[in-house]
Amino acid sequence: MSFLTRPNRDPAPESRPHPAAPGERRRRHAVWPAPRSDGPPETDAPRPDGSGPDVLGPDAPESDAQGPDGSADHDAVEPETGARRGRWRTVGARVTTGLAVLLVLVLLLAPNHLAGYSPWVFTRLPLEPIVVAAALLALRSRSRARRLLAGLVGVLLGTIGILKALDTGFFATLARPFDPALDWSLLGPTYSYLVEANGRPVAVAAAVGAVLLAVALLSLTTLASLRLSRLVVRHDRVAVRAVAVLAVLWVAGAAFGIRVGPGVSVADRSTSRLVTSHVSQVQAAVKDRETFGSEVDADPFEAVPAERLLTGLRGKDVIVAFVESYGRDAVQDPEFSPRVGAVLADGDRRLGEAGYATRSGFLTSSTTGGGSWLAHATLLSGLWIDNDQRHRSLLASDRMTLNRYFQRAGWDTVGVMPAVTRAWPEGQFYGYERFHDSRTLGYQGPKFGFAPIPDQFTLGAFERLERSRPDRAPLFAEIALVTSHSPWTPRPRIVDWSQMGDGTIFNEAREGDGEDVGRSTAQIRADYRRSIEYSLKSLVSYVERYGNDDLVLVVVGDHQPAPVVTGPGASRDVPISIITRDRGVLAQMSDWEWEEGLQPGPQAPVWPMSSFRDRFLTTFGQ
């Protein structure tokens, strides 16, 4: 019979492969080939004398397997190495899972402000992972939906971590949480501050580092959420019991008010409240955009004729000098008030000897810790400007500011902003006829931290550029004094006005080590106090040297300093004083009930800063 038609035969019974037991992995057999010969080919079966190829069956001990040279077979020791690797994989998997759980709990339980930290906050039972675990268990038979939910939860958790970090920074500097609808515009000024205070390399490194940390956090939380979701589904029976027990514990803790520490409840849902709060901020911003327009349009003085405006100040040079970070704490905090109060008392004595009188009170600023432009806009516009959305809307409107009312009544209007280092289109809104910034004041001396120009030089340059001009009209000027801006070191010293020149004298007339990083809280507070003392001394010295019968000087703080100086929960009040030789001016404001002297006492009147424009126009107009 031809081999083409030969029927197939079943292999011999002894050569048939043995079927593997269910669940058992089939082993590889090490088969060593027989030496070549000219005879017929050998079969795979071992020879009777044992000299043929050895075949390790499933029952043969793997440690006895040898190669043709008598060495141990590599495949025989591989299971032991694989077992060790498997143990390390198990340990690594458990460590990774533990780190994922730790990351999730830290992000959920961490407060969003430094004052909220205590040893007890991380012992709370958060509600959010219980709810998410229950949802994952409900979707365990739908793998695609479960993975999608886990990924979204991871991104949301990372976003919450970023929001908590932003909240912490905002509470530390501005004494309020981050507003996701309005505060992104503050990133630019923050970067500019870092450039001015610490240099461009530090600012760039900080910006790049912040972006990388945000991306890393979002990636890690997403990976952690996906990993934990797989763990929940893989051990679903245990997970169901655990979720049920934790839910009962949470409900019991909430119902009975169980606490794990002073003021710390065991049942925690702070993350849900945080998300709800930030969502409410977005909703409020949308609503406020609609209502702010009606506030801008409501101006009781817009129709007042020019001849009836500011009649009580005709012929006067009116200067509004904003002192950076000059707040209520500077004049009433027990740590600051003795030294600052001594400067103010000495100023009262010196000004009194020169024929001046002073009245003082408090205004409640629309901002704290920073955002000076919001305070300037609030005082001059008569509107409550406490965020950048309102500020932008104001600048886009035709609202009449105090500057513009002085301009309508015949005054020349001037702006002096030494911290402005480039084009500042806001000046057009305020109606400045002339504007001086760091590029036009003529300063050639050193910088002092964030402040590019010392206050004394700013006041002297204003006198030289504006008040000494012949045949000029009366002036209304807004001057920003920025030496008392953080970081408050280094600082200039008062110099003789006749020797100030182009400011190079301040290369020697300086104090403070200039180190912004690593200072203790006590050092920061002391530096703040000294910078406020310098600004106040500069103002008193300016009035002594350049004041006259036609000068009306309004000295006002823009906002309180950061909480690192004031501590948590400080008010937003700032001192305001009016200095003049003309007792008739003070008589017109007698119903204000402000106190005599430069230092307002604890019982001095407090007004909202937004009310100052209308009160001022009412008092000094017809």
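This briefing walks through confidence, helix packing, nonpolar cores and some backbone details of the structure above. The model is predicted, so local features need pLDDT of at least 70 and side-chain atom pairs count only at pLDDT 80 or more, while totals for chains, interfaces and linings use all residues. Residues are numbered from 1 along each chain as its sequence is written, and side-chain values use heavy atoms, leaving out hydrogens and water.

**Confidence**

- The mean pLDDT (the predictor's confidence in each residue, from 0 to 100) is 88 for the protein, and 87% of its residues reach 70 or more.
- Over residues 1-77 the pLDDT is below 50, and beyond near neighbours in sequence this stretch has 38 contacts in the model (contact means heavy atoms within 4.5 Å).
- Where pLDDT is low, predicted coordinates should not be read in detail.

**A helix pair**

- Helix 2 (residues 128-138) packs against helix 6 (residues 236-256) at an angle of about 145 degrees, with the axes 10 Å apart.
- Helices here are DSSP runs of H or I with at least four residues, strands are E runs of at least two, and both are numbered from the N terminus; axes are lines fitted to C-alpha atoms, for helices over the stretch in contact, with angles running from 0 to 180 degrees between N-to-C directions.
- On the helix 2 side, I130, A133, A134 and L137 make the contact, and they meet residues of helix 6 including V243, L246 and W250.

**Nonpolar cores**

- The largest nonpolar core has 52 residues, and L313, F612 and F616 have the most contacts inside it.
- Such a core is a set of buried Ala, Val, Leu, Ile, Met, Phe, Trp, Tyr and Cys residues joined through side-chain atoms within 4.5 Å; buried means under 20% relative accessible area, exposed over 50%, and partly exposed in between (1.4 Å probe, protein chains only).
- Helix 10 (residues 372-381) gives the most to this core, with five residues.
- Not counting residues up to four places away in sequence, L313 touches V318, F406, W411, V552, V585, F616 and F620.

**Backbone details**

- A cis peptide bond joins S486 and P487, with omega about 15 degrees, and the bond from T489 to P490 is cis too, with omega near -5 degrees.
- P487 lies in the loop between strand 9 (475-481) and strand 10 (491-492), and P490 lies in the loop between strand 9 and strand 10.
- S325 has a positive phi, near 60 degrees, in a residue other than glycine; S325 is buried, with a relative accessible area of 3%.
- D471 also has a positive phi, near 55 degrees, but D471 is exposed, with a relative accessible area of 84%.
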